[in-house]
Amino acid sequence: MTAPEADGRIAQIEQAITKSRRYQTVAPATVRRLARAALVAARGDVPDAVKRTKRGLHEIYGAFLPPSPPNYPALLRQLDAAVTEGDDEAVRTALHRAMSVHVSTRERLPVLGEFYQEVFRHVPRPGVLRDLACGLNPLAAPWMELPPETVYVASDIDARLVDFVDAALTRLGVAHRTSVVDLLEDHLDEPADVTLLLKTLPCLDTQQRGAGWEVIDIVNSPIVVVTFPTKSLGRRSKGMFQNYSTSFESQARERSCRIQRLEIGSELIYIIQK
């Protein structure tokens, strides 16, 4: 297959993905990368490559959200109403409700306060906090008790989710910037005092072996907080704690990084000082 033929077929795959309501707002760079690999695996068969691309998107993105896109406008209206009332408890209830639509943040909700209290007990309060592959985690800002001057820089591959996060942080009065970023394609050189990479490395390594540590190495931040799930989406452990801890700590030793290990709820946490 010539390069122009491959480019044409990749464009067909991208077009098919954009017609999918579930994946139409995923970053084009992400879709293109997965489509390229899928086309090779499918030996040039476009319909098969479309299926493989959707399967890849499900593994790194779709599995964490409901079958239909969340009703972000309704969630935002509920948050608006709570903020207008000036009721902090109502605000937190609305944020809980919103965060529960994303599996990653939903798993953290029972220990949300403890999680951030413990993390920031070991990490200085940042002037710039960067949250990569953020999902709906930025909505946990009230539990982080950040200084008013902290700028929260959040990014994800889903434009629809990023727009919602931007609007929610605006309602909460949190200084912030948001953007659509693919961690394997885009530049990560924006400086930050602390960077969060929560439950992200397994998804990166699924796409490209060793990509997780490559991102840690590249990101322009002296402190990186990395977490791993210790249970699968089906709530089974499958030896995940041992597998992740052994592999991660071995890589950290090779790089002479200083790390601190914590465990809260079903999350294994590493605080890395580069």
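**Helix 9 and the sheet**

I started with helix 9 in this predicted model, and found that helix 9 lies across strand 2 (151-156) and strand 3, running at about 175° to strand 3. Contact here means heavy atoms within 4.5 Å. Axes are lines fitted to C-alpha atoms, for helices over the stretch in contact, with angles from 0 to 180 degrees between N-to-C directions. Helices (H or I, at least four residues) and strands (E, at least two) are DSSP runs numbered from the N terminus.

Next I looked up the sheet: 7 strands form an open sheet with mixed pairing, in the order 3-2-1-4-5-7-6. Two strands pair if DSSP finds at least two bridges between them. Strand 3 and strand 6 are the edge strands, each pairing on one side only. I noted an average twist of 15° from one strand to the next. Strand 1 (residues 128-131) pairs with strand 4 in the parallel sense over 3 bridges, and L129 stands opposite V194 in strand 4.

**Housekeeping**

I count residues from 1 along each chain as its sequence is written, and side-chain values use heavy atoms, with hydrogens and water left out. For this predicted model, local features need pLDDT of at least 70 and side-chain atom pairs count only at pLDDT 80 or more, while totals for chains, interfaces and linings use all residues.

**Cores**

I then checked the nonpolar cores (buried Ala, Val, Leu, Ile, Met, Phe, Trp, Tyr and Cys joined through side-chain atoms within 4.5 Å). Buried means under 20% relative accessible area, exposed over 50% and partly exposed in between (1.4 Å probe, protein chains only). The largest core has 70 residues, and Y116 and V225 have the most contacts inside it. Helix 9 (residues 159-172) gives the largest share of this core, 6 residues. Apart from it lies another core of 21 residues, including W213 and L183.

I also listed neighbours of V225: leaving out residues up to four places away in sequence, V225 touches V119, V194 and Y270, among others.

**Salt bridges**

My search of the whole structure gave 11 salt bridges, each a side-chain nitrogen of Lys or Arg within 4 Å of a carboxyl oxygen of Asp or Glu. D182 and R33 meet in one (2.9 Å, N to O), linking the loop between strand 3 and strand 4 to helix 2, 149 residues apart.

E267 and R108 form another (2.8 Å, N to O); E267 is in strand 7 and R108 in helix 6. Both E267 and R108 are buried, whereas R261 is partly exposed at 43% relative accessible area.
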